[in-house]
Amino acid sequence: MQSLQKIKSRFIPLRIENVDTDQIIPARFLKATTKEGFGKNLFRDWRYENDDETKPKVDFVLNQKQFTGEILVAAKNFGSGSSREHAAWSIQDYGFKVVVSSFFADIFKNNALNNGVLPVTVSDAFLQAIFAEGADATLSIDLEKQTITIDTTGASESFEINAYKKTCMLNGYDDIDYLLSMKEEIEQFELNHNK
Amino acid sequence: MGKTIFDKIWDKHVVKIIEGGPSVLYIDKHLIHEVTSPQAFTGIEKRGAKLFRPQQIVATADHNVPTMNQHLPIADQLSKFQVDTLIDNCKKHGVELYGLGHPNQGIVHVIGPELGITQPGMTIVCGDSHTSTHGAFGSIAFGIGTSEVEMVFAAQCVMQTKPKVMRINIEGSLQNGVVSKDIILYIIAKISASGGTGYFVEYAGSAIRALSMEARMTICNMSIEMGARGGIIAPDETTYTYIKGRPFAPQGENWDKKLTQWKELYTDADAKFDLEININAADIDPMITYGTNPGMGLSVTGKVPTMDSISDPTEKQNFEKALAYMGLEAGQSLLGMPVQYVFIGSCTNSRIEDFRLVASIIKGKQKNASVKTLIIPGSQEVAKQIKAEGLDKIFTAAGIEIRQAGCSACLGMNEDKIPAGEYCISTSNRNFEGRQGAGARTMLVSPLTAAAALLTGKITDIRTMLN
């Protein structure tokens, strides 16, 4: 897994609530058997008319050239619905390292963390302050300090992440290595559990 | 202080609590399907590791499968490759597979309970958010991502932060024509599509106790639609009667031993919840959704909300976007609106009881000529039972075709899709944009309300069709 310590970047503002994972990556793209290449289909049906790449929908933010960056900022309840990890893969493959929202769905949050994409939960007021910024504004995120800052105004807020997941993100460790190292403990647990 | 049923089961499965982090939670049963498992198999192979407990995994093919001519090779090459990959992976890693053509094949959340694999007190996971279904048996069951599928392959554990626990009490009797799907749609409309996020939900009260296992599964199934990780209902005689004698149910002395353990699975009288909600069963009408998330629901006789009821600008914008997608006006009534499709199926409502409900309404009547149908049993076993009970004859006489088992038009990964702009009355669980096909307009309802639409071709209050 890719590690992440600090990031300063412009951001893409997605002012839509309850973005479900069917929108992030529609079901017809789940027929793949590898994790690669999902970025080109991120938000596919919001990006293109009639599934046609030559007809981008001009009012959708990913198609507006003034917006760019490695941070996606979305309205509340981001990533609801299906557990498909393809949603996190598509966000990462598109080039995002951080998703900021005032509220994340649980499964998406786990999936993002397991793929080196940092979900940053901010207050409603802070989210509105970010949305109020122009396309040239940048955000700075410091995972070690657990802070997010709007660079133009200096407004800053701290965010929550559990200590274990923070260590994993900072160092690029993954849970599977950790669990593999616990095998004997798990075997011991099973002896009692299966009685 | 007493414990909730959730706490009792959770605590029994914690291998270790990581300081300042999640718990390592032991998983008793792992269900897999073709869509969310291939990358996990590849992952485990890349690490040079083996599946730790393959005998605790059961696989089936459901999301991609056609619902006609299942004896023929799958025509869609990508779907075929994904299903074939599951076959290869299961063979290579020693996992039991109920694939196409197997009598146990079906939607993963239908076959688990049906085969007696799902049992009280277990932890059950699957790379599918509707794994919450299995909580109806008094188990902790939740959906996971593919990285977590790989974790369970590697170590039969997942890393989870213990959620908060909410109890929803539903007391009293339901109106005639109101069923469990209406209960859960009512709850989600009340607390919103994110109101359960961070929680596990216990459903309790006399209205829940009165429900069959099939009806309880429908409720637990849609827990995820309010953001909750899962739902749980304490097991009782209804549960034990359902499980007894099923292929994977404990037998003989082992049954008695398990039954004694299961009877300990209840919430203690003095247990505390992080949140409690009380609902009067009689307040619940037949429900229908009008928007693009399952929280946007109302009584079938109700009116779409108006803009003045919303103050937040982003929310207003989202509400307008949803109504534009659905082709509806704020303040309008839905009763009498023509619908083009009726879909009866999905892990929410494709069990034998759902087919009995629909059959009871359409018996001796004719389908409305303008309605197209997708009627999909949840499993081969449900299909077999439909025939054994003669329900198929009732459908055929009404001019309705019953197809073969799979997830079908719930998410349209196979050929079963709803065309753009058309309305589909659906017994499934999600009305997201494009869920049933690009531009499709989904309205979630109970099997009874779907049956009414089969006959009238319109959104109908089923209560007006009952005595």
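**Exercise 1. State what share of chain A is buried, then describe its fold and size.**

Step 1. Take buried as under 20% relative accessible area, with a 1.4 Å probe and protein chains only. Of the 195 residues in chain A, 57% are buried. The model is predicted: local features need pLDDT of at least 70, side-chain atom pairs count only at pLDDT 80 or more, and totals for chains, interfaces and linings use all residues. Residues are numbered from 1 along each chain as its sequence is written, chains are lettered from A in the order in which they are written, and side-chain values use heavy atoms, without hydrogens and water.

Step 2. List the secondary structure. Chain A has eight helices and seven strands (DSSP runs numbered from the N terminus: helices H or I, at least four residues; strands E, at least two).

Step 3. The C-alpha trace of chain A spans about 60 × 40 × 25 Å along its principal axes.

**Exercise 2. Characterise the interface of chain A and chain B.**

Step 1. Count residues in contact (heavy atoms within 4.5 Å). Chain A gives 54 residues and chain B gives 68.

Step 2. Get the buried area, the accessible area (1.4 Å probe) that two parts lose on being put together, summed over both. For chain A and chain B it is about 5,000 Å², with 56% from carbon and sulfur atoms. A:K31, A:T33 and A:I176 supply 14% of the area that chain A buries against chain B, more than any other three residues.

Step 3. Find salt bridges (a side-chain nitrogen of Lys or Arg within 4 Å of a carboxyl oxygen of Asp or Glu). The rule finds seven across this interface. One of them joins A:D22 to B:R435, with the closest N and O atoms 2.8 Å apart.

Step 4. Helix 8 of chain A gives the most to the side of chain A that touches chain B: seven residues.

**Exercise 3. Identify the buried residues of helix 12 of chain B and what covers them.**

Step 1. Helix 12 covers residues 352-362 of chain B. Its buried residues are B:I352, B:D354, B:F355, B:V358, B:A359, B:I361 and B:I362.

Step 2. Their cover includes helix 8 (213-221), strand 15 (341-344) and helix 15 (447-456) of chain B.

Step 3. Check what follows. B:G364 comes after helix 12 of chain B, with a positive phi near 75°.

Terms used: Buried means under 20% relative accessible area, exposed over 50%, partly exposed in between (1.4 Å probe, protein chains only).
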